[in-house]
Number of protein chains: 2
Amino acid sequence: MAGFRIAVAGATGAVGTEMLRVLEKRKFPVREFVALASRRSVGKRLPFAGGEVEVAELSKDSFEGVDLALFSAGASRSMEFAPAAAAAGALVVDNSSAFRMDEGVPLVVPEINPEAIASHKGIIANPNCSTIVMAVAVWPLHRAAGLKRLVAATYQAVSGTGAAAIDELAEQTRAVQCGKAYPPKVYPYPIAFNLLPHIGDFAERAYTTEELKMLYETRKIFGAPELRVSCTTVRVPVFRAHSEALNCEFERALTPDEARRVLAEAPGVEVVDDPKSNRYPMPLDATGRDEVLVGRIRQDSSVEHGLDLWVSGDQILKGAALNAVQIAEIALGKV
Amino acid sequence: MAGFRIAVAGATGAVGTEMLRVLEKRKFPVREFVALASRRSVGKRLPFAGGEVEVAELSKDSFEGVDLALFSAGASRSMEFAPAAAAAGALVVDNSSAFRMDEGVPLVVPEINPEAIASHKGIIANPNCSTIVMAVAVWPLHRAAGLKRLVAATYQAVSGTGAAAIDELAEQTRAVQCGKAYPPKVYPYPIAFNLLPHIGDFAERAYTTEELKMLYETRKIFGAPELRVSCTTVRVPVFRAHSEALNCEFERALTPDEARRVLAEAPGVEVVDDPKSNRYPMPLDATGRDEVLVGRIRQDSSVEHGLDLWVSGDQILKGAALNAVQIAEIALGKV
């Protein structure tokens with residue numbers, strides 16, 4: 001029988017369930033599907049291809065005969081189980097941060113560096129979701145005019161944290177509106193009608209790990225070790241799709257019209273930029289879309305060769321599940 | 001009887017009602033209070049100083065014997081009525097954009113340029129709310145190290161739009177959660193669980209008027225006509241207090257510790273910056289506070305002498321009503 005035996009580790013999570021939908025939607029040739037998760041989800045049934053698959057427990061023995069293992073179960077699970085999957089002969093596409101900065105592991109956005117896929121040794125890393133949304137929008141401009149420096153402020157949806165955070169925003173919002181208490185569980189403070197300038201953990205120079213991922217991962221994906229990036233990452237009370245205000249400084253001149261032309265031809269990007277008709281990217285419009293929406297393109301005259309952009313992208317799709325499946329398509333030669 | 005005869009034009013609005021509370025809280029010497037609004041609010045009663053005042057219609061004849069007229073009724077009403085108020089001998093403190101960039105009109109943040117007040121010819125302008133929140137935080141650092149360039153991304157609360165926008169966020173959020181439709185009225189698109197990168201009108205170089213205010217007003221307030229500022233202003237589903245990610249480039253070196261020391265001594269600022277204890281500014285904490293909260297102070301190594309900041313400030317208080325009353329206190333010699 002044709003097709004691949006595919007495992008998803010973390011199949012019940014926000015990204016895992018989307019991986020199933022993406023595989024189905026893109027008609028990925030699946031011979032058999034293995035849904036893996038932690039013990040508490042064992043026996044749960046997930047819809048797939050008109051039928052259902054039953055969740056089995058993720059273990060080192062889960063990967064016999066598996067061709068492709070998509071991991072989205074957190075960095076510690078990836079550290080523990082991804083090498084076993086690769087050793088069993090599966091190609092691992094890992095959505096966690098576990099291996100992204102490892103020298104032997106390609107970190108890939110197919111629109112940017114698909115050639116890196118060929119050098120894998122069993123594991124390919126999927127970048128951070130905010131990084132992908134930014135990189136897809138900025139890469140075509142970098143190719144056109146040479147990106148020197150990027151200042152980013154993010155507006156990140158709660159689904160980036162996972163399914164429990166989606167519930168927390170919904171329930172807490174209801175509670176606030178009824179005048180009831182809803183103590184935060186997932187986040188350190190209320191997210192309903194609030195903003196949290198804190199994503200990941202605090203790390204070097206008081207930047208968060210999320211902010212540093214946008215620096216280091218972008219350098220690796222672009223093959224631009226000198227690229228300068230500074231970020232402030234902020235959680236906002238939005239369910240889905242990350243947005244970002246990007247201030248870009250280029251080596252060479254690039255007008256907004258040129259930028260729009262370059263972006264209009266770029267894969268994975270949709271230009272939504274017609275202020276006169278109130279057309280600009282918004283997370284509600286980016287939700288469920290494969291493309292990263294790019295707009296509010298302006299010449300920033302506060303610096304030589306500066307451009308301001310505003311982008312919104314579905315971080316569960318292009319920022320995670322879709323990007324991982326795209327990598328697998330290329331790696332397994334199914335494109 | 002001691003004290004001033006004070007009129008508030010736009011007394012029923014989000015800022016107007018806060019002006020009444022600020023006057024009362026700061027024990028501003030009020031002999032008589034005149035609440036003015038458009039015809040549809042005439043007869044409405046507003047609480048003030050333990051009693052009530054009845055709203056009268058704003059007209060050119062409203063200002064006889066008035067010492068101080070606080071305007072917060074929109075730019076067109078200010079254009080129409082503020083000159084009449086000044087001609088009648090009232091000191092006008094105008095919260096609209098009508099006169100801010102006029103050469104003969106001081107544009108004042110009392111913590112920054114109180115000396116400009118003395119040159120007024122009857123009208124003093126209160127800056128834009130996002131501008132004030134940014135300026136209060138950045139001014140002490142500018143004095144210490146010479147600000148060259150500022151890249152700002154804002155996260156602005158709906159109360160900046162006014163009372164109807166507060167209702168829209170509340171009602172639309174309820175509707176979304178019940179699966180009901182709630183067509184936007186105040187904003188062009190839904191604001192519940194969404195972001196709108198569109199504040200004010202689209203103007204020169206596709207920047208919005210709000211984004212340009214942050215450039216031109218800051219230059220005027222700082223007395224720094226060469227200051228370079230680029231902004232992206234975004235409406236977020238938060239009820240009150242504006243937040244801003246600020247990337248600053250200075251003439252001279254300024255470490256995060258030095259910045260914290262400078263800001264700790266600055267009037268109108270509270271440093272909230274202890275990542276290890278998860279302490280950082282949030283709009284819920286800034287709501288109802290007179291101070292602008294400043295935190296997430298980081299050395300931005302992507303540029304020489306760079307600092308990243310994150311600020312939250314109550315834009316109805318310090319961004320509007322409080323700043324206007326502070327101006328009046330100085331102008332009328334009551335401080």
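Modeller: Before we start, residues are numbered from 1 along each chain as written, and chains are lettered from A in the order written. This is a predicted model, where local features need pLDDT of at least 70, side-chain atom pairs count only at pLDDT 80 or more, and totals for interfaces use all residues, while side-chain values use heavy atoms, without hydrogens and water.

Colleague: Thanks! What makes R149(A) and D300(B) a salt bridge?

Modeller: The term asks for a side-chain nitrogen of Lys or Arg within 4 Å of a carboxyl oxygen of Asp or Glu. In R149(A) and D300(B) the closest N and O atoms are 2.7 Å apart, so the pair qualifies. Across the interface of chain B and chain A the rule finds six salt bridges.

Colleague: How do you know how much area chain B and chain A bury between them?

Modeller: Buried area is the accessible area (1.4 Å probe) lost on putting two parts together, summed over both. For chain B and chain A that comes to about 5,000 Å², with 58% on carbon and sulfur atoms. Q177(B), F193(B) and L195(B) supply 13% of the area that chain B buries against chain A, more than any other three residues.

Colleague: Why are β10 and β13 of chain A called paired strands?

Modeller: Strands (DSSP runs of E, at least two residues) pair if DSSP finds at least two bridges between them. β10 (242-250) and β13 (306-313) of chain A have eight bridges, in the antiparallel sense, so they count as paired. Within that pairing, L246(A) stands opposite L309(A).

Technical notes:
Helices (H or I, at least four residues) and strands (E, at least two) are DSSP runs, numbered from the N terminus.
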